[in-house]
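User: I am new to this structure. Please take me through it in questions and answers.

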Amino acid sequence: MKREQITVPLILIVLWQGLSLTRVIPSYKLPSPFEIVLGFKDLLIVGVPPGHLLHHHVLLSLYRVFLGYAIASLLAIPLGYLWDGRLSS
């Protein structure tokens, strides 16, 4: 494995952790890599709360991602056509 294949992702993760520690990126918007690892550890050790199933969380996350892309595309495509029309006139 080439050294660059490890170095670039490692630098990005360290930068992300640094931005999270200095609170440039709030943890409610994007948790730090350390918080993600701790959350995953808790999920493995404690499990999901009673009455909650893991696949429901996964489906909810996928729904949110899909909804975000759908809203973005519904706004971006018409705005792109409007913007293109203004520039070409």
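**The loop, the helices and their packing**

User: In which part of the chain is serine 32?

Analyst: Helix α1 covers 3-21 and helix α2 covers 33-45; helices (H or I, at least four residues) are DSSP runs, numbered from the N terminus. Serine 32 is in the loop between α1 and α2.

User: What kind of model is this, and how are its residues numbered?

Analyst: Residues are numbered from 1 along each chain as its sequence is written. This is a predicted model, in which local features need pLDDT of at least 70, side-chain atom pairs count only at pLDDT 80 or more, totals for chains, interfaces and linings use all residues, and side-chain values use heavy atoms, with hydrogens and water left out.

User: What is the mean pLDDT of the protein chain?

Analyst: pLDDT is the predictor's confidence in each residue, from 0 to 100. In the protein chain, 93% of residues reach 70 or more, and the mean is 85.

User: Which element of the protein chain has the lowest mean pLDDT?

Analyst: The highest mean among the elements, 90, belongs to α1. The lowest, 84, belongs to helix α3 (residues 54-88).

User: Is serine 32 buried or exposed?

Analyst: Buried means under 20% relative accessible area and exposed over 50%, with partly exposed in between (1.4 Å probe, protein chains only). The relative accessible area of serine 32 is 4%, so this residue is buried.

User: Which residues does serine 32 contact, leaving aside its neighbours within four places in sequence?

Analyst: Contact means heavy atoms within 4.5 Å. Tryptophan 16 is 16 residues away from serine 32 along the chain, and their C-alpha atoms are separated by 6.8 Å. With those neighbours left aside, serine 32 is in contact with Trp16, Gln17 and Ser20.

User: Is serine 20 buried or exposed?

Analyst: Serine 20 lies in helix α1. Not counting residues up to four places away in sequence, serine 20 touches Ile25, Leu30 and Ser32. Its relative accessibility is 15%, so serine 20 counts as buried.

User: How are α1 and α2 oriented to each other?

Analyst: They pack with their axes 8 Å apart, at an angle of about 95°. Axes are lines fitted to C-alpha atoms, for helices over the stretch in contact, and angles run from 0 to 180 degrees between N-to-C directions. Angles of 65 to 115 degrees count as roughly perpendicular. α1 and α2 are therefore roughly perpendicular.

User: Which residues make the contact of α1 with α2?

Analyst: On the α1 side they are Ile13, Trp16 and Gln17. On the α2 side they are Pro33, Phe34 and Ile36.

User: Is arginine 23 buried or exposed?

Analyst: Arginine 23 is found in the loop between α1 and α2. Although not a glycine, arginine 23 has a positive phi of about 60°. Its relative accessibility is 70%, so arginine 23 counts as exposed.

Terms used. Helix = DSSP H or I, 4+ residues; strand = E, 2+ residues; numbered from the N terminus. Parallel < 35°, antiparallel > 145°, perpendicular 65-115°, else oblique.
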